[in-house]
Amino acid sequence: MTRLENLSMGRKAESIYTAAKKNHLNCKKKKAACMARNSVNSFEESIKRNAASKVCYVYINGISMPVLSA
């Protein structure tokens, strides 16, 4: 065996059910993170696209609010 073919037997073997369950949970986590990123990006894009020239946006306590400038 070469160095790359060595198998580490430090862990207990997983059943097919356990491996599928773990993969499903990892997939759910990745999808949730991706959806959160996309919603933040789309919100920022819509603000930039629909921004009025006399309006500035103020970020207060996690909320972006439009404020009319004089």
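**Entry 1. The nonpolar patch**

Which residues form a nonpolar patch on the surface? I began with this point and found that V58, I60, I63, M65 and V67 form the patch. Together these residues have about 390 Å² of accessible area. I then looked up the elements that give two or more residues to the patch, and they are β1 (55-60) and β2 (63-68). The largest share, three residues, comes from β2.

I examined I60 in particular. I60 lies in strand β1. Its relative accessibility is 42%, so I60 counts as partly exposed.

**Entry 2. The model and its confidence**

I noted that this is a predicted model. The mean pLDDT of the protein is 78, and 77% of its residues reach 70 or more.

**Entry 3. The overall plan**

How many helices and strands does the protein have? I recorded one helix and two strands. Read from the N terminus on, the elements follow the order α-β-β.

I next looked up the surface. The protein has 70 residues, and buried residues make up 1% of them. The accessible surface comes to about 6900 Å². Carbon and sulfur atoms hold 61% of that surface.

**Entry 4. The two strands**

In what sense do β1 and β2 pair? I found that the two strands pair in the antiparallel sense, over six bridges. I followed two of the positions across the pairing. C56 has V67 in β2 as its bridge partner, and V67 is one of the residues of the nonpolar patch. Y59 stands opposite S64 in β2.

I kept one general point beside this entry: in a regular strand the side chains alternate between the two faces of the sheet.

**Entry 5. S64**

Is S64 buried, partly exposed or exposed? The residue belongs to strand β2. Its relative accessible area is 24%, and S64 is therefore partly exposed; the cut-off for buried is under 20%. I also looked up S64 together with I47, which is 17 residues apart from S64 along the chain. The C-alpha atoms of S64 and I47 are separated by 9.4 Å.

Where is N61 placed? I located N61 in the loop between β1 and β2. The hairpin of these strands has two residues between them. N61 has a positive phi of about 50°, although it is not a glycine. As background, I noted that most residues other than glycine have a negative phi.

I then turned to accessibility. N61 has a relative accessible area of 77%, so it is exposed; exposed means over 50%.

**Entry 6. Cysteines**

How many disulfides does the count come to? A disulfide is a covalent bond between the sulfur atoms of two cysteines. The rule asks for a pair of cysteine sulfur atoms within 2.5 Å, and by this rule the count comes to zero.

C27 has a relative accessible area of 37%, so C27 is partly exposed. C34 has 32% relative accessibility, so C34 also counts as partly exposed.

Note on methods:
Residues are numbered from 1 along each chain as its sequence is written. This is a predicted model: local features need pLDDT of at least 70, side-chain atom pairs count only at pLDDT 80 or more; totals for chains, interfaces and linings use all residues. Side-chain values use heavy atoms; hydrogens and water are left out. Patches are made of residues with over 30% relative accessible area and no salt bridge: like charges are joined within 9 Å, nonpolar side chains (Val, Leu, Ile, Met, Phe, Trp, Tyr) within 5 Å. Accessible areas come from the Shrake-Rupley method with a 1.4 Å probe; for residues, only the protein chains shown count as cover. A salt bridge is a side-chain nitrogen of Lys or Arg within 4 Å of a carboxyl oxygen of Asp or Glu. Helices (H or I, at least four residues) and strands (E, at least two) are DSSP runs, numbered from the N terminus. Buried means under 20% relative accessible area, exposed over 50%, partly exposed in between (1.4 Å probe, protein chains only). Two strands pair if DSSP finds at least two bridges between them. pLDDT is the predictor's confidence in each residue, from 0 to 100.
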